[in-house]
Amino acid sequence: MFLLALAIALGAFPIEAQAQSSIERGKYLVTVAGCSDCHTPGTFLGHPDRGRYLGGSDVGFAIPGLGVFAGPNLTPDKETGIGNWSTRQIVTAITTGKRPDGRRLAPVMPFEAFSHLSSADAEAIAAYLKSIKPVSNKVAGPFGPSEKPSTFVFAVMPAETYSSLPKPPAQ
């Protein structure tokens, strides 16, 4: 085991093998972090569309006073995803909540938790996101607090408000 670690540290393996291991590490981290929950269409409706994996959600989170935010397309599609973002820009977004255009990510994005990722792990996530199949999917929003969303909406509300909603019809 020590010799294997030493060989890796000394660069005895080709760059391609090291890059592949970084991509595999990124895939693992994206999987255990549950990124597909918020960024894959259909997931919140009970039928994740694996053909559009990480292609952006069709359900937005309503945050009182801030608006409605759907998980964006994380694939390397250049028109609707993060295909034009550099590795550094992806790392900055997931660890600080700041997009390349200066906009802050919605607070539902766990960038504060991700700020504790090691540089290697954050870069592995970026490498993985850059390696997956591009999906052309323009995600709706974000919607400000006075705008009408065009997506399904997850809403967090006080119990009294929820309890006063109309009941579903009896079956």
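## Lining of the largest pocket

The lining of the largest pocket comprises 24 nonpolar, 7 polar and 5 charged residues; here Ala, Val, Leu, Ile, Met, Phe, Trp, Tyr, Cys and Pro count as nonpolar, Asp, Glu, Lys and Arg as charged, and the others, Gly among them, as polar. The volume of this pocket is about 800 Å³. Of its 36 lining residues, H39, A70, G71, P72 and R99 are the closest to the centre. Two or more lining residues come from each of α3 (35-39), β2 (67-70), α4 (87-96) and α6 (119-131).

A pocket is an open set of points on a 1 Å grid over the protein atoms alone, where a 1.4 Å probe fits and protein lies on both sides within 12 Å along at least five of seven lines; lining residues have an atom within 4 Å of a point. Grid points are joined across faces, edges and corners, and the volume is the space filled by probe spheres set on the points.

## Basis of the model

The model is predicted: local features need pLDDT of at least 70 and side-chain atom pairs count only at pLDDT 80 or more, while totals for chains, interfaces and linings use all residues. Residues are numbered from 1 along each chain as its sequence is written, and side-chain values use heavy atoms, with hydrogens and water left out.

## Overall fold

The protein chain contains 7 helices and 3 strands, arranged along the sequence as α-α-α-β-β-α-α-α-β-α. Helices (H or I, at least four residues) and strands (E, at least two) are DSSP runs numbered from the N terminus.

Of the 171 residues, 34% are buried, that is, under 20% relative accessible area with a 1.4 Å probe, protein chains only.

## Strands β1 and β2

Strand β1 (residues 59-63) pairs with β2 in the antiparallel sense over 4 bridges; pairing requires at least two DSSP bridges between two strands. F61 has F69 as its bridge partner in β2. The hairpin has 3 residues between the strands, and G65 adopts a positive phi near 85 degrees. From β2, G67 and F69 point one way and V68 and A70 the other, all of them buried.

A62 lies in β1. Beyond its neighbours within four places in sequence, A62 is in contact with G67, V68, V153, F154, A155 and V156, contact meaning heavy atoms within 4.5 Å.

How values were computed
Buried < 20%, exposed > 50% of the residue type's maximum accessible area, 1.4 Å probe, protein only.
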